[in-house]
Every structure is written in structure tokens, then in C-alpha cells.
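Try each task before reading its solution.

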Amino acid sequence: MSICRRLEGVPLALELAASRISMMAPRQMLQRLNERFKLLQTRAPDLPERQRALRAAIDWSYDILTEEDKSLFAQLSVFAGGFTVEDAEAVCETFDVLEGIAELRRHSFLRSETESDTQQTRFVMLNSLREYAQEKLAATDSAASTSLRHARYFLEYARQRLEQLRTPEEAEALRDLKMNADNLRAAMEAAHREGETELFAELGLMRSRMFWRLGFSQEATQPVQAAQEAMQPIQENNLSLYGELLWQRAALYRDQQEMTNAETLSNEALQLFTHIGNRLWQARAEGMLGIIARDMKLYASARAYFEQARNRLQSPQEDTDIANIYTNWGSMEAMDPDGSLQEARQFLHEAMLRRRNQGDRRGLAETLNDLGSVAFHQGDWQQAWRCYAEALENEQALGNTFGIASTLFNLAEAAHKRGEPMRPLRLLAASQFLMETVKLPVVRQVSDFFNDVAQSVNKVPEVEALRLIAASQPIDALITWAMKV
């Protein structure tokens, strides 16, 4: 089965692979499939020459193409995971890209598929064909320039969609980014290969923000870390970019509960942004330091950082950042034993008003979760549940795995306080599974609470079965199952 998947069901490739069974075990064959053109060949005299090797079969079809279509075929190999006509027109240099794609499709060099959500047609090249096309591209003088056009195109593509975060278009933007995750990875690899350090770093930052926004903190770490390390020796060339890399890495450290590293990098970012006079990013760095201080229960320091950050933000264009400050400030006041719950509610309601005006569903979910926590600590389990349930609707609409997992845990706490027997356990099973999926360090706390709740309602034997059920469902079905009364 693994061999069939690697060969993508291509009949000729499967036939040639079968001819090698007498010479090597399937496991050996699987290990050598990276050399597929060498492996998949035969000298059988009863076969036509063009069927004696996978390469010969592709050669036979390739030779039929016009020179312009051959050039387009080679250039399209820079795309990973598919592309649209618009993508190809932006990257490839040929007279008529649309007609060329149609011709390559007719000769089976491309497959097409239509996205059900957008009704947008994307084209995909089988891996065997893409490897062949990459060889053809590498033999030309335009390999580097084509790869860099692809990298710069997807940098701008990612930048435009990341600018739509915290707007009503966020869900669509995230869907586009997920669809082109492989292209962004390929773009970063090309920038590194061609020695374009700033381009490499910018793509690393974009990929990290994408994964982080999708709720995958661990996956967001590698690209930003690689980008930061690459930029460190030449940071003076683009201090603003380097500062944003520091901030992003600090935010991820904070998610992973590595507070010392998070604080160090946040302070470094603040000093850098202060040096270059970037007021907005100064406020963001102070806001991050406030979050870190809050999480470390250093409430006086957190309050001072939030106040400094808020005082820097003035224009209507900074409403999103102001709402972020109010949300975190409000949650801090609620967490501080000496804090003001009245101020907490005021800050959070101000943040919620701004979130709704902006159409920021992610921010709204964050604020609703914090308002739910205020109600929870006041013993108003019904209001807490209502806030958490609305937060979950927003997180689910955006497909934010981290946010869904956290909100399910909050709902479990509220349901347990309301005296419900089984729903808290289903919610915790779902939360634990999703937190394990995104590799969150707090999963241990969820597991411990899960076991405590099960023990309190005499349902310990059901725990393992619930975990297995949770792990067997797609996310939307999992949420429906967890929420049912």
C-alpha cells in the first residue's frame, strides 16, 4: 500500500515496480523510491521502448510538447502542492500560460481539481512528473530566477492574507494559507538555496505566523527560529524585520511556558524598537512583557506594561492592538487577588466592543473566554458557560485548534460546576486530544483535571474509552459529540 501511495497510482510506475518484486523486498523498494527513475526500468523485450522505464514513458510524452510548453512544464515544477492559473501567470514566463496549462493538462502532465468551498480550480503535478520537470528546469539558465519569482510571489501572497487576520476575512485568508502551505515551504527553501537571507527570513516569519494563527505552536517554531538565526549576523540590514522575528519567537516561548526565554527576547525586541522609534511595535513588545508578567503572577509589573503600551496607541488604525491590550489587562485584573473585578469587566467589555466593530472573531473569542473566566470566579456558572459557548463558535469558524482546545477545557470546568455528569468528561477528552495534536505543554494539566473529574463522578472506568472516541473523530464531529447534553 505504501508503494502504491508513493507511486501515486500511476499504472506504468506500478507495473515497473511489480517487475522488481523478484529482486528486492517491498521494504527495500520503498527505501529506494527516491531514485524512482533508476529503479523503475526494465529490459523486457516484449514491451515497447517507451514502456521500459518510467523516464522513457515521460520522455515519450514530453517530446511531443512544443518548446514553449516544455519551458512552462519546467517552470511549473517550482510549485509544491498545487497552483491556480493566476499563480502560474504571476510566476511563469511564457506567452500564454492559460493555453499552455490546458495543453499540459491534455497530455496528462497536470491534474486539475476544483475546491468545493471556493469553486476554484487548482492544478497538481504528480511527484514523478515534478521531479522530471525540476531536472529540466535545473538544466536551464532560468532555474534560480524562476524559483525566486515563486518565492517573492508567495511572500506577498502570505503578507496580504496575514493582514486580513482579525478582520471578517480571516477564515478565508487562513484557508488560502493552509492551501498553499507547501508552496510557502518551497519558497523558503528556494530563498535559502539562492542565498537570499532577508527573503528567507521574511518567509520564515510569514510561515510562523500562519502556523501560530492556526493554533500550531510547535510547527510555528522551526521557521521563525531558522529565520532569526539567519538574520542575526546581518540584523543591522533590517532591524525592523529582526525585531519582529524576536517578538514572534518570544510569543511562541510564552505559549510553550518557557517564560525566561520569552521575557529575554521580548526585552530585546523592545530595546530594538525603541532604538528605531517604532511606536506600534514598542507597544506590542510591552504588551507581550505584560502577558508574561501576568502569567508569572507579577501583577504590578504586568499592570505597568499594559498601561505603557496603551498610552503609546492613539490612532483608529491601532484599534486591534488597543483591544488586545484591554483584553490582557482585563484578564490580569481578574487573576490578581488584589485586582479590581469591576475594572476587569470594564476593560473586557471595551475590548469586546472593539472586536465586534472590527469583525475580529479570534479576538472576540479571546475576550469572551476572559469574560467567562470573570463570571466563573464570581460563581456565575451559567454566564460563564454562555461566554465560553459563544467563544467556541468563533474559534470553530476559524479552525483554530489551540483556541478550540482551550475553550473546550473552560466549558468543561463550567459544566462540572453546574453538576453535569458526563458532558464535562466528553469536553475534557476532546480538549486533551486537541492539545496533544498541537503539542501544548498544558496538556498534562488537562489530563490531571480529567482524571479528578472522573473520580468525583465515579466514572473512572469510562475515561480511556472517552479518550479513544475523541481521537477517532474529525474536529467538527468531535465538538458536536463533546457538547451534547
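**Exercise 1.** Which residues does W481 touch, leaving aside those up to four places away in sequence?

*Solution.* This is a predicted model. Start at W481. Its contacts are R426, A429, L466, I469, A470 and Q473. Then look along the chain. R423 is 58 residues away from W481, yet their C-alpha atoms are separated by 9.1 Å.

**Exercise 2.** Decide whether W481 is buried or exposed.

*Solution.* Take its relative accessible area, 12%. The cut-off for buried is under 20%. Therefore W481 counts as buried.

**Exercise 3.** Work out how helices α24 and α27 are oriented to each other.

*Solution.* Locate the helices first: α24 covers residues 423–437 and α27 covers residues 475–483. Their axes lie 7 Å apart, at an angle of about 155°. Angles over 145 degrees count as roughly antiparallel. So α24 is roughly antiparallel to α27. Now list the residues that meet. α24 brings R423, R426, L427, A429, A430, F433 and L434. α27 brings I475, L478, W481, A482 and M483. Sorted by class, this contact has ten nonpolar, two charged and no polar residues.

**Exercise 4.** Describe the aromatic pair of Y153 and F154.

*Solution.* The whole structure holds 17 aromatic pairs. In this one, the ring centres are 4.9 Å apart and the planes make 80°. Planes over 60 degrees apart count as edge-to-face, so this pair is edge-to-face. Check accessibility next. Y153 is partly exposed at 21%, while F154 is buried at 0%. Finally, widen the view: Y153 and F154 belong to one aromatic cluster with F79, F83, F123 and Y157.

Notes. Residues numbered from 1 in each chain as written. Predicted model: local features only at pLDDT ≥ 70, side-chain atom pairs only at ≥ 80, totals over all residues. Heavy atoms only, no water. Axes fitted to C-alpha atoms, helices over the stretch in contact; angles between N-to-C directions. Helix = DSSP H or I, 4+ residues; strand = E, 2+ residues; numbered from the N terminus. Parallel < 35°, antiparallel > 145°, perpendicular 65-115°, else oblique. Contact = heavy atoms within 4.5 Å. Nonpolar A, V, L, I, M, F, W, Y, C, P; charged D, E, K, R; others polar. Buried < 20%, exposed > 50% of the residue type's maximum accessible area, 1.4 Å probe, protein only. Phe/Tyr/Trp six-rings, centres within 6.5 Å; stacked < 30°, edge-to-face > 60°.
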